[in-house]
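Good morning, and thank you for coming. Please look at the sequence and the structure on the screen while I speak.

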Amino acid sequence: MATDLQLPVFTNNSENELAGRWGMVIDQDICTGCQACVAACAMENNIPFVGEADAGYGRTMHWIRIERFWQGTFPEVKMTPYQPVLCQQCHKAPCEPVCPVFASVHSVSEDINLQVYNRCVGTRYCANNCPYQVRVFNWRDYTDARQRPELVTLQNQLNPDVTVRRRGVMEKCTFCIQRIRHVEDTAQSEGRDVRDGEVVPACAQACPADAIVFGRVDDPTSKVSKAAITSRGSHMLEELGTLPRVTYLAGGSAQ
Amino acid sequence: MIKKFFDALNQPLGRIGVLITLLVVFSAAVWGIAQTQKPPEQPIQFPHNLHVGVGIQCLYCHSGALRGASPGLPTETKCWGCHQQMAITNTSPLLKPLVQAVENNQPINWIPVAQVPDFVRFVHRPHIAAGLNCEVCHGNVSQMTVYQNPQVLNMGWCLACHRAKTEDNIQNNPGRDPAITAALATKRTKLTDCSLCHY
Amino acid sequence: MSQQISRRDFLKLAGVGAATTAVLTGCGPASRYVTRAPYIKMPEYTYNGLSTFYATTCRECSAGCGLVIRTMQGRAIKVEGNPDHPVNLGKTCARGQATLHGLYNPDRITDPIQRVARGSEGGTKMDWDAAIGIVADALSKNKPDEIAFLVGMAPDHLFDLVADLAKTIGAPAPVRYGALGMFEARTTLVKAAEETFGQTGLPFFDIGGADLVISFGANFLETWLSPVAQTREFSKMRRGQKNKRGYLVQFESRMSQTGAKADEWIPITPGTEAMVALAIGRLIVEARGLALPPAFANVDVNGVVEASGVTLDALNRVAGLFSLYDRPLVIPGGGALGLSNGLQTAEAALALNALAGNFGKDGGVFISPTNPLADQYHRPASGREMQDFIQRMVDGKIKVLFVHGVNPLFELPKKLGFGGATKYVPQIISFATFPDETAMEADYVFPDHHGLESWGYQKIATGSASSVLSGAQPVIVPFFNTKSTVDVLLAAAQKAGGALASAFPFKDEVEFMDSKLASLLNVDGFFSAPEINTFAAYFQQYGGWWKTTDNRIAPSSADVLNRSFKADAAQFDGQGDFFFVPFVSPILGEAGANKPWLQEVPDPTTTIMWNTWVEINPATADKLGIEDNDVVRVVSDYGEVEVSVYKYPAIRPDTIAMPFGQGHTAYGQFAQGRGANPADLFGPSVNEAGDLAFGSLKVRIEKTNKKRQLSRLEGVLGVYGFDSK
């Protein structure tokens, strides 16, 4: 007897690929590298801090980080424009096919990459295969107050909408899916569609320079779609064909 | 050494020993699982049947279900709103914990029964908006004293319902309307998406 | 032996193992035995399971951004910006986001305590009645001029109360101080505006309206004045104009985070900013073929080129930008003003603005709006005023010292001697929320609520074009046995009796606030109300009250260019080889070190977390044989610190730089004993305006042959050998 295992099927629907659903535009010309998004993301998504030693070993749990590189030597030295790097929510995500337990699956309805914590067994294949290095791994029980007594009071701050992850679990930016769901639910209860700009991820909400715009990329009238139409726009590591949903607007002197 | 151990197991006595061990392990497992399904001891043996019996709506106490994720537990002010007017409140030994809690301004530490694991986000509102009555999932509470789950609240159970409600069949689409078929397909994609509950 | 187990046997064993595991771990959800404690009495406006949002004001720095705090079941969960608030328009910075780590900090002072001995850990717990008694005695049993109040930078309701209190009893006016004010050299800025315009007040630079911004050391995207507002304005300047992209030029000796955003970053010898500004002015006038005004007549351009290390080409290019752009704006600030010639720098920059003709115009210089309570801008104390204050302590003229909202033992440079002066003060009462250095040295600590647990208002000094009074309210019930300092002082005034009691007949903090807010009844603004209860309700609901008009004051520009400006090279103390550039950590600020998540937010330029570093040009480091992570001793005439090296490409070879924010000797587990404090190197010299000339230092570097790894976000090779402190 053949059983339908309901396994996810990888489809090749090119129309769908281009349309996408949720997307983000980050303007590097006005990003000041202030790290407000980094802190806001941590506070919203229950991201643990790991301490100095683990941070030094590269085990920080930031879901969004701000990259910058040096060019040249003094006095002709320049810093490349600050670039906030977060999960690019690729349509063809390299992290997805390598997971042996289907913990990194593609959300068909939202067209983003998911990390299903309860499925994850911590092989870290996905992180190895991610060209953007945006997946972070819980090397220890960073959220366990029994092991870290300093957390007992701090845990009052945890967001009840977001799972607290345990050791051995991979995690990454979710485009604040809890906020998407909340807004969708509110809109549904009021009998209307979700308005453009109604879903605001924590990073975009905090950004003092308004460098981050979020919204529906399949709606050409949305703010994010309009912001992406510029000669300054590009995708990170576009040549890999991952179809990322984050568009970067070049900084520096580009017009 | 290990060979000797297996040789010993092959003797009749050894086989009986293995059988007994397996039986013990199996019954312990059954007992353990049964324990997890038993309704826990509550600070007050709250008789749901009585309260539903006098005509109190579920949403009167668990009003959050109408608006958001969690139905919530009633505050003591809500209990006391009715109970302070009732003579039995001061006489019944069963109500003593309530009186004490109110007098000492202490919270009542209820133990949640109908709950999902930490990595699941369940929102009541859309379920009620979709026309589900409380008893569809929670059983006939008017027959229970202390609440217990009528079934195991696991993902298979959730998905079975989500699939049933979005299947393109005579119930959901009596007129075989292609528009409804498409809408059902979209809905099905969403209702079976991991990101619906896991984040 | 192992080869004797067949695969079959192995499976048998494994099967038994699996069954046992299933039993032992249990099959139900792990959180099954969690209990839920529902509200006893739920506030009427909350709903089960839904968030409640409260508008309040951020107290992490004195900028006073409006916040909306998401709370759930009585817990504060997320900080969001207040979209209506004119200062930040719904935005926040990293420090604001991490304010919850202050609220729920495990090291908070939980009860009022009396120290057994100054500097000792812990102390005897007291009850609040006894604490109020002690404050009442301190207020009534000492001679009025022997009572001193030292409060933080924020001009809030506590400051108003303390000012009124001091006036009533005849004590000296309270002194306001904060390290940010010192590093901004605020006094110098205010003094320059006063001398240039003849008007008092904090200058307001309309960055958003400008299309060319030339900054002399102003770190306006980091901690300077009102960083969130300025970042928004910067974004407007860069990309908010039609068909034109704003241009930023930054003159500084070490590339700051602001400098990293500059289109042109021009390294400059520290202390030559004033002459560079005047030289640019002269070149502009000459290029336009105008008569040379006295302001720029005295400057020798070739001399400036030699002294500053800026090429003539660069000066000409920047001068040329003035003709290319319509609305140039010149901002002096930050480290450039904290030098012996800081006042000259500020004035020279204002002269350039006068040349651009931008006073009181869009994209120009204004005076910040006066606050709605219509009192004068009250600037924080300068270095000289703090020196006078410490002298009064040493002379035994202060018998009781009240400290609130500031940590002078950390925020004042060691050399000024606050630490040594405390022993001449018989009684120190601290109202600190956290066990900071000053609270450790106090005889009594009567902890105030955290900012998110307390009422209040704050007069906004700058950052918004309209006049703003920001409102604060508790978003959760106090987490510990703390008490609002305003309530303590009011109760103490009642207990002291006499004139004090009759001057402050307020039941509590809220009643006191209402008495101040009463002057805003029926005034046109964001909302108006005819009576106080309605007004106060709106005030809390919207997070403050503000005018909807532009209240910036246009400065008089009469004759600025006809004045003559001096531009001396700065004086530097010490014989070292290196100029020293201390800067406030853009992430930690002066008091962020106790918040673990702020510690783990990487520094924007170096990406270092959890520690202090010294920035050295790679070429210099190679010459000295110093590698990344080598511990060096930085020595000035006044002190020394040991700190790990970060080879920083964008710093002059003759300059080293260090961030301020770490190096605490107390302040809780996340801050204590971590990093080093550059202020330990500062000397006592002040500039003409009275601000501490903290950058007027020459230091030397000594190798120690030790190594201490810095945790960096950027990729590094060989990441081993970390220790946790």
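Let me begin with a definition: two strands pair if DSSP finds at least two bridges between them. Strands, in turn, are DSSP runs of E with at least two residues, helices are runs of H or I with at least four, and both are numbered from the N terminus. This is a predicted model, in which local features need pLDDT of at least 70 and side-chain atom pairs count only at pLDDT 80 or more, while totals for chains, interfaces and linings use all residues. Residues are numbered from 1 along each chain as its sequence is written, and chains are lettered from A and ligands numbered from 1 in the order in which they are written.

With that in hand, consider chain C. Its strand β22 (residues 613-616) pairs with strand β24 (residues 640-647) of chain C in the parallel sense, over four bridges.

How is chain C divided into domains? The assignment, which is automatic or taken from a database, gives domain 1 (52-103), domain 2 (113-180 + 374-467 + 474-504), domain 3 (182-367) and domain 4 (578-712). The C-alpha centres of domain 1 and domain 3 of chain C are 32 Å apart. Eight residues of domain 1 of chain C and six residues of domain 3 of chain C form their contact; two residues are in contact if their C-beta atoms, placed from the backbone, lie within 7 Å.

I turn now to the contacts between chains. Between chains C and A, the contact takes 56 residues from chain C and 49 residues from chain A. On the side of chain C, the largest share, seven residues, comes from α8(C). That side divides into 32 nonpolar, 12 polar and 12 charged residues. Here Ala, Val, Leu, Ile, Met, Phe, Trp, Tyr, Cys and Pro count as nonpolar, Asp, Glu, Lys and Arg as charged, and the others, Gly among them, as polar.

Chain B gives 14 residues to its contact with chain A, and chain A gives 19. The elements of chain B that supply two or more residues to this side are α8 (124-129) and α11 (178-191). The largest share, three residues, comes from α8(B).

Which residues does A:Ser109 contact, leaving aside its neighbours within four places in sequence? They are B:Thr189, B:Lys190 and B:Asp193. A:Ser109 itself lies in the loop between β6 (106-107) and β7 (112-113) of chain A.

Finally, a word on confidence. The predictor gives the complex an ipTM of 0.91 and a pTM of 0.91. For chain C the mean pLDDT, the predictor's confidence in each residue from 0 to 100, is 90, and 94% of its residues reach 70 or more. Over residues 10-32 of chain C, however, the pLDDT is below 50. Where pLDDT is low, the predicted coordinates should not be read in detail.
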